[in-house]
Amino acid sequence: MALMSEDTLIYVGCQGWRYPDWRLASAEAVGDLRAPFYPPRLPAARELEHYARTFGLVEVDSTFYAVPQVRVVKNWAAQVPETFRFTLKLPRTLTHDYRLARGRATLSAFCECARPLGVQLAAILIQLPPSFATDEFAVLERFLPHLPADLPFAVEFRDPAWLSERTVELLAAHRIALTLGDTPWIPTPLALAWIDRLPTDWLYLRLMGSKSNGLEHFTHRQFDRTETLDAWAAAVGRLAQGGKRVYVLLDNHFEGFSPGSAMLLVRKLGLAERPFPRDCPAESEQLGLEW
């Protein structure tokens, strides 16, 4: 299976692409995958273009903090191949401040900014706070009908009590995907128990690890979480064999260096591997057109 093509069912990438530590060389690493991911001379403005030479998916964290300008979104799309995919976080104004109870204008403005991505938009992540408990089920129930049907949405719950048949039925009724993964709130064993009970034909998968693991730099794989990666590789492969699409996003905190973790998962899934580029392309080179 190709890593990126029109009929790709598995996309693997990182939660963000702008990390200064990815430019720093590391002396030791678990396995052969380490920084520098970006060449030292690479201009910051070309990091996304460089990132897209290796991975076909990225999660944009900045949209969690503010609705992006349309020109910024179009600029992202212009830097990557057409087969590249983005996931955007819904602004925290809606999820954390308004707690889905209001903010129709903000939602509309955000969706209008997301639409220019077209087919490059893989998903919009509705990341709910841990305090958003099941006693607010009615709030979620009232919110979901306001989501435009032409855009793909996925919900991340950070209270494990939300993992229930009632929740799955609600999401299925509105064609909203479920977000699972390895997180401080919902660990892999609990998430895997729901892998065969998805509300849609696609899954948003976030492998985050723990932010309390003492990591100070993200220059190399500092923890060996092969067992967890093996479990998810088996689950993702099984979903793809059943025709389901899976978007897998890895965080630096998972093992210490998300490009290394993501590449290791690519290998375990048997996808086409694109090694970390070590060169700085010429200004005139259009990287995505080679794909």
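**Burial, contacts and helix packing**

Analyst: Leu 178 is buried, with a relative accessible area of 3%; buried means under 20% relative accessible area, exposed over 50%, and partly exposed in between, with a 1.4 Å probe and protein chains only. This is a predicted model, in which local features need pLDDT of at least 70 and side-chain atom pairs count only at pLDDT 80 or more, while totals for chains, interfaces and linings use all residues. Residues are numbered from 1 along each chain as its sequence is written, and side-chain values use heavy atoms, with hydrogens and water left out.

User: Where is Leu 178 found, and which residues is Leu 178 in contact with, leaving aside neighbours within four places in sequence?

Analyst: Contact means heavy atoms within 4.5 Å. Leu 178 is found in strand β6; helices (H or I, at least four residues) and strands (E, at least two) are DSSP runs, numbered from the N terminus. Leaving aside neighbours within four places in sequence, Leu 178 is in contact with Val 155, Phe 157, Leu 163, Leu 171, Pro 199, Leu 203 and Tyr 204. Phe 157 is 21 residues from Leu 178 along the chain, and their C-alpha atoms are separated by 8.5 Å.

User: What is the phi of Arg 99, and what is that of Arg 175?

Analyst: Arg 99 has a positive phi of about 50 degrees although it is not a glycine. Arg 99 lies in the loop between α3 (92-97) and α4 (104-114) and is partly exposed, with a relative accessible area of 24%. For Arg 175, phi is near 55 degrees, again a positive value in a residue other than glycine. Arg 175 sits in the loop between α6 (165-173) and β6 (177-182), and counts as exposed at 61% relative accessibility.

User: How many residues of α10 are buried, and what covers them?

Analyst: Ten of the twelve residues of α10 are buried. The cover includes β1 (10-15), β7 (202-207), α8 (226-241), β8 (245-250) and α9 (252-255). Helix α10 itself (residues 258-269) reaches 16 Å from its first C-alpha to its last, close to the 16 Å expected at 1.5 Å a residue; the expected span is 1.5 Å times one less than the number of residues. Gly 270 follows α10 and has a positive phi, near 75 degrees.

User: At what angle do α8 and α10 pack?

Analyst: Two packed helices are described by the angle between their axes and the distance between the axes. Here α8 and α10 pack at an angle of about 50 degrees, with their axes 9 Å apart. That makes α8 oblique to α10; angles under 35 degrees count as roughly parallel, over 145 as roughly antiparallel, 65 to 115 as roughly perpendicular and the rest as oblique. The contact is made by residues including Leu 229 and Ala 233 of α8 and Leu 264 and Lys 268 of α10.

User: How many helices and strands does the protein chain have?

Analyst: The protein chain has ten helices and eight strands. Of its 291 residues, 57% count as buried.

Technical notes. Axes fitted to C-alpha atoms, helices over the stretch in contact; angles between N-to-C directions.
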